[in-house]
Amino acid sequence: MKILGIETSCDETAASVVEDGQKIISNAVASSLPIHAQTGGVIPETAAREQVKSMIPVLQEALADTSPEELSAIAVTYGPGLIGSLLVGVETAKALSLAWEKPLIPINHLVGHFYSAFLQRETSPTFPILALIVSGGHTELLLAKDHGDFKYLGGTRDDAAGEAFDKVARLLKLSYPGGPAIDKASVDGASTKINFPRPLLDSKDWDFSFSGLKTAARREIENHPEIAVEDFAASFQEAVVDVLLAKSQKAYKQFGAKSFVLGGGVAANSLLRKKASEIFDRSLFVSAPNLSIDNAAMIASAAFFNFKPIPRQKVKADPGLQID
Ligand code: KG4
Ligand code: ZN
């Protein structure tokens, strides 16, 4: 079964055809990142305008080797995300579903990130699955007992992990987006140079907090301008990764999970991947970095495993969509 996925929740315009939830037939992504790099952050209006321009070429690329007749459904991200951006994808998906008479399956973007771990592999994670979804907008711990049975355990109370990377990179005058820049700079740095706080490490819930780290980073830069950017980046990265994995490991044990899924843009971080693989070994399921960041293949995969078409007129973009 082939499904066309469409994803436009932030700055990407993406379309992909996936067979049986795991095999990627095509994966087209256009990003307005270079434009946002100039301003150091995503400007919603600009992102949506670029998506309107990119949607048709991206669809054409994704459908180069697949005719509409071969598709069993159209899947689209309907939230959470930027409203203007979401509308581009949702309205396009509705129009295609009407024109081609295909069922329409709305997908939660975070659930999409979860399914990135199912793509392009022979073995799937085993339920119950603990998932850490870390991106520029989200830091969530989810427990999946089965397909479609997701429970929100906890998440960030303030900044998302990716957001913290982006903000601290800005303080260090590194390029945008900050995550990859800090990751790269850390390679030549000593993580023991600054002992950053590990916020909420021992709290009794599954929440995270990263805004304090950003404040601590600002203070350190002011007080110790002599510290090398590489050492600074490595110390900060270590603190974020420590907290993310300590809580994940605790939740994994407490809920008797059998697999650990790592998803979202920050899952591309090399230290996070390395340490997660040391802790979880063969129970770790993380996609290649290009499928960890926003893409439409994960949306098509989510729709295959959660095949619940909704009447087209009922599908609406929901910027604040949550997992219960
Ligand atoms: O999932 P994503 O592409 O978009 C959102 O849904 O937010 O995630 C983007 C975020 C950005 O904050 C970016 O800095 C971060 O993921 N990121 C990284 C790395 N690559 C991307 N953070 C740390 N290390 C990386 N290598
Ligand atoms: Zn995302």
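Q: Which residue lies over the face of Phe-208?
A: This model is predicted. A charge sits over a ring if NZ of Lys or CZ of Arg is within 6 Å of the ring centre and within 35 degrees of the ring normal. Here the distance from the ring centre is 5.8 Å, and the residue over the face of Phe-208 is Lys-247.

Q: How many residues apart in sequence are the parts that Phe-196 and Phe-232 tie together?
A: The two rings form an edge-to-face pair, 5.6 Å centre to centre with 70° between the planes. Phe-196 lies in the loop between helix H6 and helix H7, whereas Phe-232 lies in helix H8. Phe-196 is buried at 3% relative accessible area, and Phe-232 is buried at 2%. The parts tied together are apart in sequence by 36 residues.

Q: Is the pair of Tyr-252 and Phe-280 stacked or edge-to-face?
A: Planes over 60 degrees apart count as edge-to-face. The ring centres of Tyr-252 and Phe-280 are 5.0 Å apart and their planes stand at 65°, so the pair is edge-to-face.

Q: Which helices does the pair of Tyr-252 and Phe-280 tie together?
A: Tyr-252 is buried at 15% relative accessible area, and Phe-280 is buried at 5%. Tyr-252 lies in one helix and Phe-280 in another, so the pair ties together parts 28 residues apart in sequence. The helices are H8 and H9.

Q: How many of the 9 residues of helix H11 are buried?
A: Helix H11 covers residues 297-305 and is largely enclosed by the rest of the structure. Its buried residues include Met-298 and Ile-299.

Conventions:
Residues numbered from 1 in each chain as written. Chains lettered and ligands numbered in written order. Predicted model: local features only at pLDDT ≥ 70, side-chain atom pairs only at ≥ 80, totals over all residues. Heavy atoms only, no water. Buried < 20%, exposed > 50% of the residue type's maximum accessible area, 1.4 Å probe, protein only. Helix = DSSP H or I, 4+ residues; strand = E, 2+ residues; numbered from the N terminus. Phe/Tyr/Trp six-rings, centres within 6.5 Å; stacked < 30°, edge-to-face > 60°.
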